Amino acid sequence: MNRLSSLRRPTLTPAILAVASAVLLAAGCSSGGGTEESKEPEVSGTPRITDPNSFAFPLDPYLTKPDDQHTLSKAQEELTRQCMKRFGFTYRPAAQRPTVNPFGENGLRYGVSSTRLAAKYGYGSGSGDGPDQPEAPASGAELLTGAARLAMFGKEDLKPSDLPSSQEEAEASEANNGVIAGKAVPVGGCQREAAMKVFSPRRKSLPITFTYGLMTDAWSRTRDDSRYVAVGRKWAECLKEKGYVTSPDPLTQDRDLKFTDPQSPQAITVAKADVACKEKVNLIGVAFAVESAYQKRLVEQNAEALKQVQQQQEEQLRLAASLLR
């Protein structure tokens, strides 16, 4: 289930962008959010919010938009195809299937939050909703063997510390990653080379996970914030009055009550009570105000880095446009 514990991190659909994120994170990149003070930030106001998709966070402008994610994904695929062609292999990535999240971007950010969707899905994710579709075919990468697999992924015994974190570093590396058709295989293979060319061309490139790291930091601090903890207790007390005992953490509600079927009639009944209690104590409004305050402070503390993030996004999209003409 999509809970805020995963916090819009770079799942970065389509899946190949997630590969790029994981590849670059393996090189030891960090979010850069470790200089934040421990003092709780001031909250200028607490809005009354019932629709978690009706607000925007201070860090949102620094996230890659879904349409841009798709464009960058296609650019990475094209670079992977070009790289594999250098070694005499034809690579055709699997067709990308669009996905629809019925809850929207923030619909489960603070746990189930919509009465309408709670009545339909209970504590389910809604992923099984809609018409049945044929199983997606295996991607070209999953079917590779032998030399083609070496070209795609590089040597399998490489440690994360052996892998370059930028294309500039990779081009300067003298590491032996194997030879195919008289040509040296990139360290980490074509998949990693494509990811670095798009997302990390220079040694000083910030990782594509930078903004998401700041978001995770802000959310972690929010969960420990006295104001969020207090409203969580009020929410739990409200549910207790309705006959349901849970911890004061809205994100563990379904686990606390141990539903075997998160979309059972019982789960739906509790989920609707859950939403009603959130609305009664304005949990979403308080959580949004507190989390926004932490994000705002991180934006101020990381202004130069976030400016670089936006510049890199512009460069990535220019590269994608040149590749996909």
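Which residues in helix 7 meet A305, L306 and V309 in helix 12? They are F210, T211 and L214, where helices are DSSP runs of H or I of at least four residues, numbered from the N terminus. The model is predicted, so that local features need pLDDT of at least 70 and side-chain atom pairs count only at pLDDT 80 or more, while totals for chains, interfaces and linings use all residues. Residues are numbered from 1 along each chain as its sequence is written, and side-chain values use heavy atoms, with hydrogens and water left out.

Two packed helices are described by the angle between their axes and the distance between the axes. The axes of helix 7 and helix 12 come within 10 Å and cross at roughly 140 degrees; axes are lines fitted to C-alpha atoms, for helices over the stretch in contact, and angles run from 0 to 180 degrees between N-to-C directions. Helix 7 is therefore oblique to helix 12 (under 35 degrees is roughly parallel, over 145 roughly antiparallel, 65 to 115 roughly perpendicular, and the rest oblique). Their contact (heavy atoms within 4.5 Å) has five nonpolar, one polar and no charged residues. Ala, Val, Leu, Ile, Met, Phe, Trp, Tyr, Cys and Pro count as nonpolar, Asp, Glu, Lys and Arg as charged, and the others, Gly among them, as polar.

Helix 7 (210–224) and helix 12 (303–323) each also supply at least two residues of the lining of the largest cavity, and helix 12 gives the most, with four. A cavity is a set of points on a 1 Å grid over the protein atoms alone where a 1.4 Å probe fits but cannot get out, and lining residues have an atom within 4 Å of a point. The volume of the largest cavity is about 120 Å³, taken as the space filled by probe spheres set on the points, which are joined across faces, edges and corners. Of its 14 lining residues, T64, P207, I208, V309 and Q313 are the closest to its centre. The lining has nine nonpolar, five polar and no charged residues.

R227, Y228, V231, G232 and W235 of helix 8 make the contact with L283, V286, A287 and V290 of helix 11.

Key
On a 1 Å grid over the protein atoms alone, a cavity is a set of points where a 1.4 Å probe fits but cannot get out, and a pocket is an open set with protein on both sides within 12 Å along at least five of seven lines; lining residues have an atom within 4 Å of a point.
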